[in-house]
Amino acid sequence: MSSSTPTTTTDSSKAARPTTLNFITGNANKLAEVRAILFTETNVVEGGDNSSNKPQLVLQSRDVPGHEIQGSIEEVARDKCSRAAAVVGGPVLTEDTALEFAAYNGLPGPYIKYFLQAVGHEGLNNMLAAYEDKTAFAVCTFAYCGGPGQDPILFQGRTQGRIVPARGPSNFGWDPVFEYEGKTYAEMDKAEKVRLGPQKIIRPSA
Ligand SMILES: O=P(O)(O)OP(=O)(O)OP(=O)(O)OC[C@H]1O[C@@H](n2cnc3c(O)ncnc32)[C@H](O)[C@@H]1O
Ligand SMILES: [Mg+2]
């Protein structure tokens with residue numbers, strides 16, 4: 001069955017419960033971490049080939065069409081999730097990662113992707129050169145939308161760290177410049193980084 005069609009059970013008592021949830025991202029590293037953090041291999045299928053009746057998370061590696069809006073982390077997350085639900089035509093999970101600098105009252109926040117592209121790891125450090133406070137918060141916001149036209153529900157986690165000169169492999173975003181308890185994310189192996197998840201505060205928000 002195509003992932004663009006929401007799958008429902010045939011049992012009438014469970015008729016409204018979807019059996020397929022699509023996680024949509026254009027970022028391969030994000031996809032790998034979500035797979036590692038949230039679900040076991042038994043209920044994850046790749047690319048929309050869900051022929052089983054068990055509830056499945058379908059991991060889809062593709063960009064959500066359209067452009068990210070400007071706004072708060074939550075507004076950006078809701079908007080992307082709504083657009084993903086519209087294009088998939090069913091339930092979707094998306095994720096937005098922001099990096100807030102305390103010295104900048106939360107910026108770059110949801111715009112970190114563009115700052116990273118524009119000035120790189122060194123530039124992010126240079127932005128904070130004039131400030132003693134190097135504190136940063138990694139903010140991870142999952143958004144779930146039940147289908148086109150439905151309001152997304154948000155789940156958010158925040159991890160406090162600090163911005164340091166790059167250390168470790170530079171294959172994933174700002175990992176080399178975000179230090180948490182003496183190690184940058186890039187210096188941790190994936191299992192170690194993923195284990196930090198439960199330390200984050202997860203709260204549903206409307
Ligand atoms: O298709 P989507 O899911 O939107 O993928 P994206 O790469 O555009 O992701 P975001 O919009 O959330 O932008 C977040 C930016 O932060 C980076 N990023 C995301 N998660 C990260 C993590 O755990 N560690 C380091 N960098 C990360 C990512 O590469 C982007 O530059
Ligand atoms: Mg994005």
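The legends below describe close-up views of a predicted model.

**View 1. Strand β4 and its cover.** Strand β4 spans residues 92-101. Of its ten residues, nine are buried, so the strand is mostly covered, a residue being counted as buried when 20 or more other C-beta atoms lie within 10 Å of its own.

**View 2. Pairing of β4 with β1.** Strand β1, residues 20-25, runs parallel to β4 and is joined to it by two bridges. Phe 23 has Leu 93 of β4 as its bridge partner.

**View 3. Pairing of β4 with β6.** Strand β6 covers residues 135-145 and pairs with β4 in the antiparallel sense. Ten bridges link β4 and β6. Thr 94 is placed opposite Ala 143 of β6.

**View 4. The β4 and β5 hairpin.** Strand β5, residues 108-109, is antiparallel to β4, with two bridges between them. Glu 100 is bridged to Pro 108 in β5. Six residues lie between the two strands of this hairpin. In the hairpin, Asn 105 has a positive phi near 50°.

**View 5. The shell around ligand 1.** Ligand 1 is surrounded by 16 residues. The closest are Thr 25, Gly 26, Asn 27, Lys 113 and Gly 173. At least two residues of the shell come from β4, and at least two from α3 (112-127). By class, the shell around ligand 1 holds six charged, five polar and five nonpolar residues.

Methods:
Residues numbered from 1 in each chain as written. Chains lettered and ligands numbered in written order. Predicted model: local features only at pLDDT ≥ 70, side-chain atom pairs only at ≥ 80, totals over all residues. Buried ≥ 20, exposed ≤ 12 C-beta atoms within 10 Å, placed from the backbone. Helix = DSSP H or I, 4+ residues; strand = E, 2+ residues; numbered from the N terminus. Pairing = 2+ DSSP bridges. Near = placed C-beta within 6 Å. Nonpolar A, V, L, I, M, F, W, Y, C, P; charged D, E, K, R; others polar.
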